[in-house]
Amino acid sequence: MASGLRNTNDMVKKLFVWVVRIGAGFLVLSVVMVVVTRFVPVLLTPLMVIRLIEGGLEGKWVGIEKSWVSIDAMSPAVQRAVIASEDARFLTHTGIDWDAVQEAQQRNERTERLAAQGKIKRKRLYGASTITMQTAKNAFLFPSRTYLRKAFEAYFTYLIEFIWGKRRILEVYLNVIEMGSGVYGVEAASQRYFGKSAGQLSAREAALIAAVLPNPRKWSPAKPSGYIQRKASTIQARMAGVALP
């Protein structure tokens, strides 16, 4: 019995050592990745790979249409548009906007209550994802709705805030964000939908690009629905008050 207990203790110790080693390895690797991508363009993301695989399984070639450009080569209008649309407190939060998280939770609780009372037909859940969180997810993680992925997203969110800073976060976000089937980044989107570079986008064109971001494979900036037109007008009205990093 004593021998069995000793063997169990040895197994627990070995398991603990391996867990520590794996954890330390992940920390080192993640920091190295973030430091490197602070200076090197992010040319491929997990989402791009997933879209390629999904297209292959569906029997169609999706491809990857993208072109990395520096933030200095982008129109200030498109920078203001995405901040106005996606993350109004981008410059003031530290990665996660906890005020927005609380607001979203309250709105979701109200929606669930109204749905339970039969006052609304469907539930609409509100999120509080910041530009930093979206950048961390797009650049380093596979999309999923598990708590584990959310934990990794929070970790990378704070890491890139600390190592990259706001300007680099916005630059990477605008270069890797999905903008249509096989289209990534505002440069590729500008060329695809408006036939011009991201540096030449007008305020209206920038607002239209930002307006479709929640579902870029459903909506198109070049052929906006009435809903997208109205949303773009709201974004455009907010852009004048947006400061840039």
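Helices here are DSSP runs of H or I with at least four residues, strands are runs of E with at least two, and both are numbered from the N terminus. By that count the protein has 10 helices and three strands, in the order α-α-β-α-α-α-α-α-β-β-α-α-α along the sequence.

On provenance: this is a predicted model, where local features need pLDDT of at least 70 and side-chain atom pairs count only at pLDDT 80 or more, while totals for chains, interfaces and linings use all residues. Residues are numbered from 1 along each chain as its sequence is written, and side-chain values use heavy atoms, with hydrogens and water left out.

Now burial. Of the 245 residues, 40% count as buried, meaning under 20% relative accessible area with a 1.4 Å probe, protein chains only. The largest nonpolar core has 49 residues; such a core is a set of buried Ala, Val, Leu, Ile, Met, Phe, Trp, Tyr and Cys residues joined through side-chain atoms within 4.5 Å. Among those with the most contacts inside it are Met74, Phe140 and Met179. Helices supplying at least two core residues include H3, H7, H8 and H10.

Next, H7 and H8. In H7, 10 of 11 residues are buried, and Lys166, Arg168 and Glu171 are among them. H8 buries Glu187 and Ser190 as well as Val186, Ala188, Ala189 and Tyr193. Glycine 195 follows H8, with a positive phi near 65°.

Last, Met179. Leaving out residues up to four places away in sequence, its contacts (heavy atoms within 4.5 Å) include Ala189 and Tyr193, along with Ile209 and Pro216.

Note on methods. Buried < 20%, exposed > 50% of the residue type's maximum accessible area, 1.4 Å probe, protein only.
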